[in-house]
Amino acid sequence: LGDHSAAMNLAFGVAGALFRRAMTGEPSLVETSLLATAAWVLSNDIVASQDATYSDDVLTKAVERNPLVGLYRTRDSRWIQLVFLEAQRYWPGLCKTLGRAELAADPRFADADARAANGVELIALLSEVFGGRDWADWRPAFEAFDAPWELVRTIRDVFDDPQTHENGHVFEVAMAGGEAVKLVASPLTVDGAPGTADMRAPDCGQQTDALLAECGVPAGGIAALKAAGGVG
């Protein structure tokens, strides 16, 4: 995650530097780092941490205040993420989806203030209900529930998702032995086309001779470098 985010930051910096050069003729030194990128990604938390009341368990406390923004495990160890920022809007529907419609009117959980006051109790109750069934059992009810929830996907789920393929997020490349492998495309599309490649990357050292020759190294010199172990 850090490597990819830092690379994207650097790409934006390079694009900006090229634009500046085109407009002014002046060059730019563009730099970033994993630390700079991590700080930027976590900028909201870093700014908030300057508050003396900021707690390291801020996410846990936030879920206790609104258990309808939380992660709940099914019996078969899948996870369902709820992000009901408009908690009152979705609370009755969630109760119905869970087969516990009576909870909607339970005075302990009837409104946001009650749920915040009894957050730990509600988290335990919801955890027990979610944990009573496998995801396959929950799936029909949740797929009929129009609300901001989502099953936390596995890597294979992401690869198998029809949207991944229909949107061109993966593409196929032939390998040296003739077999094909699917790679992940660039997240950026240009004029509607995702960033893909027509061929695989070269093997390590595959283009060494050509690159050295392009730099003016004669064939004898390349052979000497190889013999000395200087290049592969």
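Colleague: How many helices and strands does the chain contain?

Modeller: In this predicted model, the chain has 12 helices and 7 strands.

Colleague: What makes the chain more spread out than a compact globule?

Modeller: The globule rule gives 17 Å for 232 residues, whereas the radius of gyration of the chain is 27 Å, well over that value; therefore the chain is more spread out than a compact globule. Along its principal axes, the C-alpha trace spans about 85 × 50 × 40 Å.

Colleague: What percentage of the residues is buried?

Modeller: A residue is buried if its relative accessible area is under 20%. Buried residues make up 21% of the 232 residues in the chain.

Colleague: Which strands form the open sheet, and in what order?

Modeller: The open sheet consists of 3 strands in the order E1-E2-E3, and their pairing is antiparallel.

Colleague: Why are E1 and E3 said to stand at the edges?

Modeller: Strand E1 (69–73) and strand E3 (149–151) each have a single partner strand, so one side of each is left without a neighbour in the sheet. On average, neighbouring strands of this sheet are turned by 15 degrees against each other, direction ignored.

Colleague: How do you know that E1 and E2 pair?

Modeller: Pairing requires at least two bridges between two strands. E1 and strand E2 (residues 79–83) have 5 bridges in the antiparallel sense, so by that definition they count as paired. Within E2, Trp79 is the residue that stands opposite Arg73.

Colleague: Which helices are in contact with these strands?

Modeller: Helix H7 (residues 119–130) packs on the sheet and touches E1 and E2, its direction making about 40 degrees with that of E1. Helix H8 (residues 135–143) lies across E2 and E3 and runs at about 150 degrees to E3. Angles over 145 degrees count as roughly antiparallel, and the angle between H8 and E3 is about 150 degrees.

Colleague: Why is H1 called roughly perpendicular to H2?

Modeller: Helix H1 (residues 2–24) and helix H2 (residues 34–41) pack at an angle of about 95 degrees, and their axes are 9 Å apart. The range for roughly perpendicular is 65 to 115 degrees, and H1 is therefore roughly perpendicular to H2.

Colleague: Which residues meet where these two helices pack?

Modeller: Gly2, Asp3, Ser5, Ala6 and Asn9 of H1 meet Leu34, Thr37 and Trp40 of H2. By class, this contact has 3 nonpolar, 4 polar and 1 charged residues.

Definitions and conventions:
Residues numbered from 1 in each chain as written. Predicted model: local features only at pLDDT ≥ 70, side-chain atom pairs only at ≥ 80, totals over all residues. Heavy atoms only, no water. Helix = DSSP H or I, 4+ residues; strand = E, 2+ residues; numbered from the N terminus. Axes fitted to C-alpha atoms, helices over the stretch in contact; angles between N-to-C directions. Contact = heavy atoms within 4.5 Å. Parallel < 35°, antiparallel > 145°, perpendicular 65-115°, else oblique. Nonpolar A, V, L, I, M, F, W, Y, C, P; charged D, E, K, R; others polar. Rg over C-alpha atoms; globule rule 2.2 N^0.38 Å. Buried < 20%, exposed > 50% of the residue type's maximum accessible area, 1.4 Å probe, protein only.
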